[in-house]
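Student: I have a structure open and would like to talk it through. Could we take it one topic at a time?
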Amino acid sequence: MNRTDAGVNLLGLRSHNTALVLDLLRTAGPDGISRLELAERTGLTPQAVSKITARLRLEGLAAEAGRRASTGGKPRTVLRLVPEAGHAVGVHLDRDELRVVLARLDGRTVRERCVPLSLGAGAESVLEAVTREVANLLGDTPPAPAVSSAPDTPPALLGVGVALPGPLDHARGVLHRVTGFPEWDGFPLRDALAERLGAPVVVDKDTNAAALGLAVGGERGSFACLHLGTGLGAGLVIGGTLHRGARTGAGEFGHQVIQLDGPPCPCGNRGCVEALCLAALGRGDVGEAARVLGEGAANLAGLLDIDAVLLGGRAIAAAPEPFLHGVTAVLQARARREGSPQDAVRVRLAPHGARAVAHGAAQLCLAPLFGRETG
């Protein structure tokens, strides 16, 4: 959607227009943006922008950031987002550890905790651990459960985003047969955690959360975020929007079969990219793991015609250069055989390191506030 024609001056779309203004305040950063610029970039009238920004200032979400010289007339007042006015918790529930972060409205992580955890310990044990670590993260002065206009109230807790291995039903917050942990099949994780935490909860796959964090953070176009850690998956962003598929099951990248008589995979197939990658890493053969990952990435690039492949996860972080080189080499060799430009699909390391999934999980709650698509 183009910013120049996105604003609609209708009462029924007031929240939509507010989201447009908030997103521009967010991307402007501490330098801020003037009301006139907001009107020009949203297509809203100056009067509509004035009403929206007045309400945002009353709610504590926006504040003046000084004045800026204009080309004529008096200097313009510049407004900025107040990042501390609201927070979201991001939870990365991995197979063997739990990481939680507290993120401000601008996405910046201000607190973080990481503890060992077994996803196979049972629902009660896992729920108790998440509840405990979120409480520890929030500390003695947790954010309030809703935005308040009172200046002396705690900042708003917009919600808790939880990301973990799939497959799962994002829309209902229900897990399916998580690879390696079939006992979670059918568990209503979203509702169970919302009841314990007393806050809105969103559940999504770890790879989707990481990809969303990249898209909101400024990664453009169509790309795949390949996450290799205790498992392997892909988050897909097509045309700037996170792609989940009709049944929210897109991105099960690790379970594409590339060797029919290959080693068994916990998913039930043989010769999956995930099984081959993890087996190579288990032997200490990082080069082979990178080559296998590259073959899978090349298949994905050929199917979707994406612009970039971003590599993340603990296994990548442990040996970034071999993976970067290995995946790039396979993609370039495939391009030579097809007569395509060798740099048509860029390969880069994903930012945010070990907290990438937790960071993206927080964005599951933050992004809608700014009108950003979460798929």
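Student: Which residues have the most contacts inside the largest nonpolar core?
Tutor: Please keep in mind that this is a predicted model. The largest nonpolar core has 32 residues, and those with the most contacts inside it are L226, F253, L293, V309, L311, F323 and L331.
Student: Which helices and strands each supply at least two residues of this core?
Tutor: The strands are β11 (223-228), β12 (232-238) and β14 (308-312), and the helices are α7 (273-282), α8 (286-304), α9 (314-318) and α10 (320-338). The largest share, eight residues, comes from α8.
Student: What does L331 touch, then?
Tutor: Leaving aside residues up to four places away in sequence, L331 touches A297, A298, A301, V309, V345 and V347.
Student: And what lies apart from that core?
Tutor: Another core, of 30 residues, lies apart from it; L102, L164, W184 and V201 are among its members. In soluble globular proteins, nonpolar side chains tend to be buried together.
Student: New topic: the sheet with β1 in it. In what order do the strands come?
Tutor: The order is β1-β3-β2, in an open sheet of three strands with antiparallel pairing. The edge strands are β1 and β2, each of which pairs on one side only.
Student: How many bridges join β1 to β3?
Tutor: Two bridges join β1 (residues 33-34) to β3 (residues 76-81). The bridge partner of S34 in β3 is V78.
Student: And how many between β2 and β3?
Tutor: Strand β2 (residues 62-68) pairs with β3 over five bridges, again in the antiparallel sense. For R68, the bridge partner in β3 is R76.
Student: Tell me more about R68. What does it touch?
Tutor: R68 sits in strand β2. Not counting residues up to four places away in sequence, R68 touches D31, G32, I33, E37, P75, R76 and V78. R68 has a relative accessible area of 30%, so it counts as partly exposed.
Student: How far is R68 from A318?
Tutor: Their C-alpha atoms are separated by 46 Å, and the two residues are 250 residues apart along the chain.
Student: On to α3. Which of its residues are buried?
Tutor: The buried residues in α3 include A48, V49, I52, T53 and L56. These residues cover an arc of only 125° around the axis, so they lie on the same side of α3. On the other side of α3, Q47, K51 and L58 are exposed.
Student: What span should α3 have, going by its residues?
Tutor: Helix α3 (residues 46-58) has 13 residues, and at 1.5 Å a residue it should span 18 Å. Its end C-alpha atoms are 18 Å apart, which agrees.
Student: What follows α3?
Tutor: G60 follows α3, and its phi is positive, near 85°.
Student: Last topic: how many disulfides are there?
Tutor: The count comes to zero disulfides.
Student: What about C267?
Tutor: C267 is in no disulfide either, and the nearest cysteine sulfur, that of C265, is 3.7 Å away.
Student: Is C267 buried, exposed or partly exposed?
Tutor: C267 is partly exposed, with a relative accessible area of 32%.

Note on methods:
Residues are numbered from 1 along each chain as its sequence is written. This is a predicted model: local features need pLDDT of at least 70, side-chain atom pairs count only at pLDDT 80 or more; totals for chains, interfaces and linings use all residues. Side-chain values use heavy atoms; hydrogens and water are left out. Two strands pair if DSSP finds at least two bridges between them. Helices (H or I, at least four residues) and strands (E, at least two) are DSSP runs, numbered from the N terminus. The expected span of a helix is 1.5 Å times one less than its number of residues. Buried means under 20% relative accessible area, exposed over 50%, partly exposed in between (1.4 Å probe, protein chains only). The arc is that of the directions from the helix axis to the C-beta atoms. A nonpolar core is a set of buried Ala, Val, Leu, Ile, Met, Phe, Trp, Tyr and Cys residues joined through side-chain atoms within 4.5 Å. Contact means heavy atoms within 4.5 Å. A disulfide is a pair of cysteine sulfur atoms within 2.5 Å.
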